[in-house]
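Please take a moment to look over the sequence and the model before reading on. The paragraphs below go through the ligand site, the domains, the helix packing and a few backbone details.

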Amino acid sequence: APLTTSQIREKYLQFFQSKGHLRLPSHSLIAPDPTTLFTVAGMQPFKPQFMGAPAKFPGYGESKRVTTAQKCLRVGDIENVGRTLRHCSLLEMLGNFSFGDYFKREALTWAWEFLTSPEWMGLDPAKLYATIYEDDEEAFQIWTQEIGLPEGHILRFGADENFWPADAPAKGPNGPCGPCSEIFYDRGPRYGEDTWADYAQTRESARFLEIWNCVFPQYDRQDPQPDGTPVLADLPFKNIDTGMGLERIATVVQDVYDFYSNDVFAPIIARIVELSGKPYEGPQNLSHRVVAEHVRSVSMTVADGVALSNTGRGYVIRKILRRASRHAYLLGLREPTLYKLVPLVVQGMGGAYPELVQEEARVTAAIRAEEERFLRTLEGGIQRLERTLLTNILKRYSNVSKGGVTPFEDASIVTSQEAFVWVRDHLPQWLIESYRPSFKGQPGDEREYVARVLLKDVEDDLFAPYKTGNRFSGVSVIFSTGASINPSEVTLSGLETFTLYDTYGFPLDLTKEIAEEYGVSVDEAGYAESLEKAQELARAGSKYGKSELFGGGQEALEGLPPTQFVGYDDLDTQGEVLAVVGAGERLDHLTGGS
Ligand code: ATP
Ligand code: MG
Ligand code: MG
Ligand code: MG
């Protein structure tokens, strides 16, 4: 049987212990320094040691070589989850670090030994590739001369790919940084016909998977000169910082299609299938994937003490949970369900992270409460949406034309009788209930009554342009009883769709899903336009441009729409959440990763 994720984690730590490394526990997901909200890499807790602080770790000892499995959360990868084959929002980074002790030669040869030796991972060397920083001849020599990697398996990139943090010289953050060499694994033609040479251009491949980043931090990035020239001072000594994604290596070693079939995620996916009754067939089932992955990140983060809230970390976690909740909804789950997956997360991760076991009850309760709140918020949006869909159908099949003067009282029905019947028969229960207090008729006539009230609203709307005082002028009414109802001729406009998003936080994919149930189509291009317009407006006068929320991520918060957001009112919404909700997809860019 292939190694389990836990076995791989353990083997990695043992391998580096056998090379003289001190094994340390993971730092919390709450970042150890203010450059990011969450811990984004294994190296982050060791910045002081890279900068020259003594390599002393109270309670564990003293060592210039350490190894860890670090839990990380990358906000910038949230939207990638489920969409690429290689991104989790929460990942475990296996790392080995040297504080002025060994350098490139050992780092690269040990990485190679761990990956290829049959005693350890036993991967086929012919499937391994590496990238190096453009002029790093030292790394090139080690790869080709000492390790024996063919030249054709090596690519050279600039600071955008082979410097960590990426582009640090130009963009920061300040602190330890350096060139790096990354190891890739060729997953074979099943994932694409592209070649390693293609990767030089595409820099994106499902086939060539980045598994390990070996960083050589030897610089301290400081504030640039007044003219913008980057300043890279030498660190007191040369360091090693490597990071290998446990989820990625496990997927390769277990030879499964992607994360979602490995030993940690497969049981979670299976339970989602069971709860929803919707089969999981692969990457096309985005919702299963998002739910499985996000429940894990939220569980781990809440276990580390992050409370769901409207600011900072708590908001990011709420966003992740709501994304999961929305995908659960898309799977037809209308009751809180995500919390039922927590035991499986604990089963997969609790061995390595005992805090998760300890906090299981609190995590479960927090997730459940948030699901309940979010489902209520969704209800508000759904009601608004359903009402709009029904009135749009009535309008589409109604006719008003200029002619004589018709007092309103006489304009009893202006709509195609068929449209009226269609709407009456499709009224959702909530709408009927909401009119119950004003209904005075016979039991059984409620539907007819509510349909008439709706129709009256539509009529008022249609007549409005012709209305003078209490009378209609120049209007006559046509009964278009012949029209045959075809809801696919009806559209939900871009503005209507955008308003739902903007006001109720009601996302496009849900709007589409529900509109489809009514057979109505959504003007997506119009939606995109409205969104764009709102963002432009905001760029012109945003007061959130330099948000305090995200230390390192201000750029990403620039240009947010000044959202009139009422959907989360029940959650004591404050200014911050408006900004971040407005940011929407732009949260992508808030990451400390490369
Ligand atoms: P990618 O280019 O695939 O986004 P990266 O270059 O951003 O990865 P690094 O910052 O170099 O990643 O992190 C070191 C290692 O951590 C990567 O080589 C990969 O194995 C793993 N890793 C990074 N991001 C993720 C993620 N979102 N999910 C799972 N593993 C990840
Ligand atoms: Mg990388
Ligand atoms: Mg990369
Ligand atoms: Mg990345």
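In what follows, Ala, Val, Leu, Ile, Met, Phe, Trp, Tyr, Cys and Pro count as nonpolar, Asp, Glu, Lys and Arg as charged, and the others, Gly among them, as polar. By these classes, the shell around ligand 1 holds six nonpolar, six polar and six charged residues. The model is a predicted one, in which local features need pLDDT of at least 70 and side-chain atom pairs count only at pLDDT 80 or more, while totals for chains, interfaces and linings use all residues. Residues are numbered from 1 along each chain as its sequence is written, and chains are lettered from A and ligands numbered from 1 in the order in which they are written.

There are 18 residues around ligand 1, and those that come nearest are H87, L91, N213, G243 and G245; a residue counts as near if its C-beta atom, placed from the backbone, lies within 6 Å of the molecule. Two or more residues of this shell are given by each of β5 (90-99), β10 (208-215), β13 (239-245) and α7 (246-253), where helices (H or I, at least four residues) and strands (E, at least two) are DSSP runs, numbered from the N terminus. Of these elements, β10 provides the largest share, with four residues.

The chain is divided into domain 1 (5-256), domain 2 (261-374) and domain 3 (398-484), with bounds that come from an automatic or database domain assignment. Between the C-alpha centres of domain 1 and domain 3 there are 66 Å.

We turn now to the helices. Two packed helices are described by the angle between their axes and the distance between the axes. Axes here are lines fitted to C-alpha atoms, for helices over the stretch in contact, and angles run from 0 to 180 degrees between N-to-C directions. Angles under 35 degrees count as roughly parallel, over 145 as roughly antiparallel, 65 to 115 as roughly perpendicular and the rest as oblique.

Helix α8 (residues 266-276) and helix α9 (residues 286-303) have axes that come within 9 Å and cross at roughly 125°, which means that α8 is oblique to α9. In their contact, I268, I269 and I272 of α8 meet H288, V291, A292 and V295 of α9, two residues being in contact if their C-beta atoms, placed from the backbone, lie within 7 Å. The residues of this contact are six nonpolar, one polar and no charged.

Helix α18 (residues 508-518) comes within 11 Å of helix α13 (residues 360-396), axis to axis, at a crossing of roughly 40°, and α13 and α18 are therefore oblique to each other. Here I382, L385 and L389 in α13 meet T511, I514, A515 and Y518 in α18, a contact with six nonpolar, one polar and no charged residues.

With helix α10 (residues 312-330), α18 packs at an angle of about 15°, the axes being 10 Å apart, so α10 is roughly parallel to α18. This contact is made by R326, Y329 and L330 of α10 and D509, L510 and E513 of α18, which divide into three nonpolar, no polar and three charged residues.

Finally, the backbone has some details to look at. The peptide bond from W164 to P165 is cis, with omega near -10°, and P165 is found in the loop between β8 (163-164) and α5 (168-171). The loop between β8 and α5 also holds D167, which has a positive phi of about 60° although it is not a glycine. A cis peptide bond also runs from G172 to P173, with omega near 5°, and P173 lies in the loop between α5 and β9 (175-186).
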